[in-house]
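Colleague: I want to know what stands behind each label before I use this model. Please set each value against its definition.

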Amino acid sequence: MNSYERVKTALELREPDRVPIVELYVSPNVQSAICPEARDYYDFFDIMGLDAVYSTYFYNFEPAEDGLLRDEWGLIYKEDDTAEFLKVPIKGPISSMEDLKNYRPPDPDAPWRLFTLPDVVKRFKGEKYIVFHCRDVFVYPYQLMGMENFLVACILEPRLVEALLDMVLEVHERLVRNAIRAGADCISLGDDYATKMGPLMSPETFKKYFYPRLAKLVSAIHEEGGKVIKHTDGNIWKLIDMLVDTGADALGPLEPDAGMFLDEVKKKYGDRVAVVGNIDCKHILPSGTEEEVEKAVKELIKKVSPGGGHLISSCNSIHSGVNPLNYLAMINAVKKYGSYPINID
Amino acid sequence: MSILSEIKEAMISYNPQWVKELTEKALSEGVDAHSIINDGLIAGMNYIGAKFRDNEVYIPEVLVVARAMHAAMDVLKPHLIKDDFKRKATFVIGTVKQDLHDIGKNLVIIMLEGAGYKVVDLGVDVPPEKFARAVEEHRPQIVGISALLTTTLGQMRTTVEHLKPYRDSIKILVGGAPVTQRFADEINADGYAPDAASAVEKANELLGL
């Protein structure tokens, strides 16, 4: 079985030859420590035998007033060399229905939008599973209004929120269709809906605004023949029924220290979704020993992998604080313990 | 229903405009500004705060109620200067340098104001020197330091070290997603709170209030 088939089989809730190893992001410093021979970002995935490759969208930045930057959404950023992977905007262009009416969203069909995806497809199609990581219907809406204003509007200005979400949905629906047509096998939807304590909004609010639009996005991806992995940080027990009901093929990576233990998720929902994750990348991968990493992988495989429907990864990403040797230990442990049929006592 | 109960009722039905109008009405009827704050606004805020702590309402509801409170406070401000509304303590708060997140910090501010603290908000991306200057200027009893990113935890440690000369007169409370009690102990903070509601309880405890 090659990597592509391995991931596909797991996403279809069956047992492949081995638990697939996937990772949304592997920091360059970790890559070069483990695998100095890698010449570009994707060499690492190839050489280390990861089963999926992830790429993502690109928006241009232009200089804005006061030495700030503006992206194609009109979001304003501080130049920040310390930001890893995700930049955080400091303000957005929308505060009223009038602003929204005059607003022009970025063109999802712009030739640079799919960024490295075409190259990834050329290099890996049919061999590795190609995942395109994309925002869904929460992060851009709150960034465009500012998070506080947006959350307040969810209560006080439902019409504005509905219209804003529809606008963002339309952009993303086109973007994900384009990505699948360009050769991506799967879309990873990345917006976080919860903190460690629970959802950022009530389940009723989620149901009213976000659930129907997420479901629509998932349907569009399925229509194009792609699969969907829904990621979110935080404790999502109060939202998980709705997330499963969107029709997503997999959930994860999920955060174990927010109470999202994969064995529990799989026990309750494993007949409907695959699970992705979730070796702890806050304590064990940065500061545990290699033996602790191996033990964590072994435990996780024992509890979650039997029967299939499990893709193993960290609980978020291999960020710059992860000890490279621990990540190597994690990959090796999956290869050691992850072959089907799982046989761990 | 008394007008103060009506104000509380308007607060907990997420209607800032109604809260503001009732506050104006109460003042015109000669109700004392302190009573409006304590028995109307803070009563409503506390009710929501408790529901938030128990996961019965969520961040959007708390933000709406805070907006209602601020709208009413704007109406009351001119009357408070006359009356000299006494705050129980001064709390300086900010998000550490290189961290631009503020929603957790702002929730703490909402809860603190609801509990009668005077809050000096330094905003986000606050360097240690700015925390120190604010301590000199505002003479707070307590300083709150917030961080969301795991990568900015180092800044929290630096900020606490930078405030060392003032430790006899201030308590330091830390919080934010990556912060734990263990980390708080390690960097020698006086207290740690996992969420906004318990931040107030912890502050009260540290100050013996």
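This is a predicted model: local features need pLDDT of at least 70, side-chain atom pairs count only at pLDDT 80 or more; totals for chains, interfaces and linings use all residues.

Modeller: Residues are numbered from 1 along each chain as its sequence is written, while chains are lettered from A and ligands numbered from 1 in the order in which they are written.

Colleague: What makes chain B as compact as a globular protein of that length?

Modeller: Chain B has 9 helices and 5 strands. Helices (H or I, at least four residues) and strands (E, at least two) are DSSP runs, numbered from the N terminus. Their order from the N terminus is α-α-α-α-β-α-β-α-β-α-β-α-β-α. The radius of gyration, taken over C-alpha atoms, is 18 Å.

Colleague: How do you know what share of chain B is buried?

Modeller: A residue is buried if 20 or more other C-beta atoms lie within 10 Å of its own, exposed if 12 or fewer, and partly exposed in between; C-beta atoms are placed from the backbone. Of the 209 residues of chain B, 49% count as buried.

Colleague: Which domains does chain B have, and how many residues join them in contact?

Modeller: The bounds come from an automatic or database domain assignment. That assignment gives domain 1 (3-83) and domain 2 (90-207). Their centres, over C-alpha atoms, are 26 Å apart. Contact means that the C-beta atoms of two residues, placed from the backbone, lie within 7 Å. On that test, 10 residues of domain 1 of chain B are in contact with 5 of domain 2 of chain B. Helix 3 of chain B gives the largest share of the domain 1 side, 6 residues. That side has 7 nonpolar, 2 polar and 1 charged. Here Ala, Val, Leu, Ile, Met, Phe, Trp, Tyr, Cys and Pro count as nonpolar, Asp, Glu, Lys and Arg as charged, and the others, Gly among them, as polar.

Colleague: What does chain B bring to its contact with chain A?

Modeller: 19 residues of chain B are in contact with 22 residues of chain A. Helix 4 of chain B gives the most to the chain B side, with 6 residues. By class, that side has 10 nonpolar, 6 polar and 3 charged residues.

Colleague: Why do strand 2 and strand 3 of chain A count as paired?

Modeller: Two strands pair if DSSP finds at least two bridges between them. Strand 2 and strand 3 (residues 69-71) of chain A have 3, so they pass, and they run antiparallel. P63(A) stands opposite L69(A) in strand 3 of chain A. The open sheet has 3 strands in the order 2-3-4 (chain A).

Colleague: What makes a set of residues a nonpolar core?

Modeller: The set holds buried Ala, Val, Leu, Ile, Met, Phe, Trp, Tyr and Cys residues joined through C-beta atoms within 7 Å. The largest such core has 171 residues, and V62(B) is among those with the most contacts inside it. Helix 4 of chain B gives the most to this core, with 10 residues. V62(B) touches I48(B), F52(B), V57(B), L107(B) and I110(B), not counting residues up to four places away in sequence.

Note on methods
The radius of gyration is taken over C-alpha atoms; the globule rule is 2.2 Å times the number of residues to the power 0.38.
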